[in-house]
Amino acid sequence: MVDYDVLVVGAGPVGSTFANYMAEEGYKVGVLEKKKNIGLPLQCAGLLGAKITKINDLPDEFIINKVRGAYLHSPSDHILKVSKKETQAYVIDRVGYDNYLSQKAQDAGAEILLQHKVSDVDTSSCKVKMANKSGKVLQSKIVAGCGGHSSVVSTAINNSRNSVNAAQFLIKMKNNTLETDFVDVYVDEQISPGFIWSIPLSTSISRLGLFGHHDYKKLNNILNNFINSNDKFQKAKVINKYHGKIPLFDLNKKIVENRAIIIGDAASQVKPTTGGGLLIGFECAKFAAEAVIESLENDDPQLLKNYETSYKNKFLKELKNQLEVQKTFQELKNQELDNMFLKLKEKGAEDLISSYGDMDSQSLLVKEMIKRGVLFSVLPQLLYRRMSRLWNSF
Ligand SMILES: Cc1cc2nc3c(=O)[nH]c(=O)nc-3n(C[C@H](O)[C@H](O)[C@H](O)COP(=O)(O)OP(=O)(O)OC[C@H]3O[C@@H](n4cnc5c(N)ncnc54)[C@H](O)[C@@H]3O)c2cc1C
């Protein structure tokens, strides 16, 4: 006799969303979370594309700010302003939202077990062992690994995992000078393919962060130097510091094995260009729940493969395209980035980006830029050839 129909390892936003779907359908769900307090410490900029409202429940009380555009800055500060009239993204209270999603799963019937760190998972028997001295073992029919970048379930079915580090400061400006409906994005070869972001919470408070292939100390130094040298942020006071890991999207990651699946950051379901993982993780939680329900109803673990199929059908092409965009960016030196920004401005690309840009999918914009010859004129030839290969995949 098993303890649960489904054991979910990790009560992050993706694990809680998946647990909620399963519990709502009447399955016995246990959620194992190593932390004492869900959502803490904060490890997110909390910027969600406006389509979140079609993908998951987001009550107004967790929306801190609404954004409709971005200032994109080159290394020498040539600026592209891109915007739409309507809200493009929400800035959310991520800690509150994680707790809301967990409570929602609990209200639907899921049992949330805090301070339950999992050390081992057997994907065939679905036995899950706790890391504490008791070595308690729980068993279910299906295990869902939602433990983020260091997921033990992912480690049980994959040989490697790769991630980059991210750091973020909560800053308070000296004056109320921030435009609340615009984010700022700064590119520089030093952190490429990462970038620096400023996401305003109000006219005086912002989440200033970055990700890149450096350790946390170096990332903190880059941010400190940035604050001291950038006119806009000079004299801003650092109120709090955060850090976390962003998994690198891995085309070859196995996401289903025997009776186990992985979802969200555990499955590297993260956009290569921005590092954002919430929207895609939520959609994958839905695909996963559909496949797990089918598998439980028919007592056939093979049906879990339908999760992989749905995920790949929906996201693989876009994620592969974003990988190409990311690789291309990574090869550009600062002077090339500056030239590119200048040429993009000359070619009227601000309007093009404003019309076709989407923070969650860039394929449409790249396609349009190739079609109109914009990429040809702004990228070095070698890199243009790489990008234009995408043309065939559209
Ligand atoms: C600095 C930073 C900024 C970001 N900004 C954005 C953004 O603006 N927009 C966006 O969409 N995404 C952003 N992301 C990415 C986003 O935070 C992740 O994609 C998202 O948190 C993934 O959710 P998840 O539930 O898959 O994993 P997580 O949020 O990592 O949750 C995993 C949970 O599993 C628990 N756990 C781990 N191991 C075990 C274990 N062995 N036993 C029990 N429990 C375990 C953890 O304690 C945690 O609660 C950012 C990430 C970082 C680091």
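The legends below describe close-up views of a predicted model. Local features require a pLDDT of at least 70 and side-chain atom pairs a pLDDT of 80 or more, whereas totals for chains, interfaces and linings use all residues. Residues are numbered from 1 along each chain as its sequence is written, and side-chain values use heavy atoms, with hydrogens and water left out.

**View 1. The shell around the ligand.** The ligand is surrounded by 33 residues, a residue being near if one of its heavy atoms lies within 4 Å. The closest are E33, A45, L47, R94 and D265. By class, the shell holds 14 nonpolar, 12 polar and seven charged residues; Ala, Val, Leu, Ile, Met, Phe, Trp, Tyr, Cys and Pro count as nonpolar, Asp, Glu, Lys and Arg as charged, and the others, Gly among them, as polar. Both domain 1 (4–43 + 94–161 + 249–316) and domain 2 (67–85 + 165–245) contribute residues to this shell, so the ligand lies between them. The domain bounds come from an automatic or database domain assignment.

**View 2. Polar atoms facing the ligand.** A polar side-chain atom of D265 lies 2.7 Å from an oxygen atom of the ligand. Backbone atoms also take part: a nitrogen atom of the ligand is 3.1 Å from a backbone N or O atom of K34, and a ligand nitrogen lies 3.2 Å from a polar backbone atom of G277. Taken alone, the ligand exposes 1,000 Å², of which the protein buries 91%; these areas come from the Shrake-Rupley method with a 1.4 Å probe. The elements giving two or more residues to the shell are α1 (13–24), β3 (47–49) and β16 (237–247). The largest share, three residues, comes from β16. Helices (H or I, at least four residues) and strands (E, at least two) are DSSP runs, numbered from the N terminus.

View 3. F62, Y97, Y100 and F282 form one aromatic cluster, in which rings of Phe, Tyr and Trp (its six-membered ring) pair if their centres lie within 6.5 Å. The model has 11 aromatic pairs by this rule. The ring centres of Y97 and Y100 are 6.4 Å apart and their planes at 10°, so the pair is stacked (planes under 30 degrees apart). Y97 and Y100 are three residues apart in helix α3 (residues 94–107), and are therefore separated by about one helical turn. Y97 counts as buried because its relative accessibility is 0%, buried meaning under 20%. Y100, at 23%, is partly exposed, the range between buried and exposed (over 50%).

Technical notes
A polar contact is a pair of N or O atoms within 3.5 Å; within protein, one must be able to donate a hydrogen and the other to accept it, and residues adjacent in sequence count only if both atoms are side-chain atoms. Rings of Phe, Tyr and Trp (its six-membered ring) pair if their centres lie within 6.5 Å; planes under 30 degrees apart count as stacked, over 60 as edge-to-face and the rest as tilted. Buried means under 20% relative accessible area, exposed over 50%, partly exposed in between (1.4 Å probe, protein chains only).
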